[in-house]
Amino acid sequence: MSMIAPKISYQSVSTGTNLKSGPAGLYYIISTVTGGAITVYDNTAASGTILFTKTLAVGDVIHFGGLGIAAKSGLYVSITGTAVIGYV
């Protein structure tokens, strides 16, 4: 078995975005340019299980540790503002 962890992808989002379909992991959120509210769902749409929600200020960095937060169905981000999301 390989000891290399999966590579973390990232994407800058400023509107509702389906980051990934299927099993996924949420690792970090960095609020950039503008603050705003963010909600991350375990789904491919803005419904279902909420994994994380917060009102962000510019420069906020939220890290979910080495294991991240697991999602079964996918990762969908609903946001007002702009943030960079790290996921697998």
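Thr-39 has Thr-53 in S5 as its bridge partner. This is a predicted model. Strand S4, residues 36-42, pairs with S5 in the antiparallel sense over seven bridges. The points below cover the sheet, the nonpolar core and the aromatic pair.

**Sheet**
- An open sheet is formed by four strands in the order S2-S8-S4-S5, with antiparallel pairing.
- Strand S2 (17-21) and strand S5 (49-56) are the edge strands, each pairing on one side only.
- From one strand to the next, the twist averages 15°.

**Nonpolar core**
- The largest nonpolar core has 19 residues, of which Ile-29, Ile-38, Val-40, Leu-75, Val-77 and Ile-85 touch the most other members.
- Two or more residues of this core come from each of strand S3 (24-32), S4, S5, strand S8 (74-79) and strand S9 (82-87).
- Leaving aside residues up to four places away in sequence, Leu-75 touches residues including Thr-17, Leu-19, Leu-26, Val-40, Tyr-41, Leu-51 and Tyr-87.
- Asn-18, Lys-20, Ala-24, Gly-25 and Asn-43 are also among the residues that Leu-75 touches.

**Aromatic pair**
- There is one aromatic pair in the structure.
- The ring centres of Phe-52 and Phe-64 are 5.2 Å apart and the ring planes stand at 75°, so the pair is edge-to-face.
- Phe-52 belongs to strand S5, whereas Phe-64 sits in the loop between strand S6 (61-63) and strand S7 (69-71); the pair therefore ties together parts that are twelve residues apart in sequence.
- Phe-52 and Phe-64 are both buried.

Technical notes:
Residues numbered from 1 in each chain as written. Predicted model: local features only at pLDDT ≥ 70, side-chain atom pairs only at ≥ 80, totals over all residues. Heavy atoms only, no water. Pairing = 2+ DSSP bridges. Axes fitted to C-alpha atoms, helices over the stretch in contact; angles between N-to-C directions. Core = buried A, V, L, I, M, F, W, Y, C linked by side-chain atoms within 4.5 Å. Buried < 20%, exposed > 50% of the residue type's maximum accessible area, 1.4 Å probe, protein only. Contact = heavy atoms within 4.5 Å. Phe/Tyr/Trp six-rings, centres within 6.5 Å; stacked < 30°, edge-to-face > 60°.
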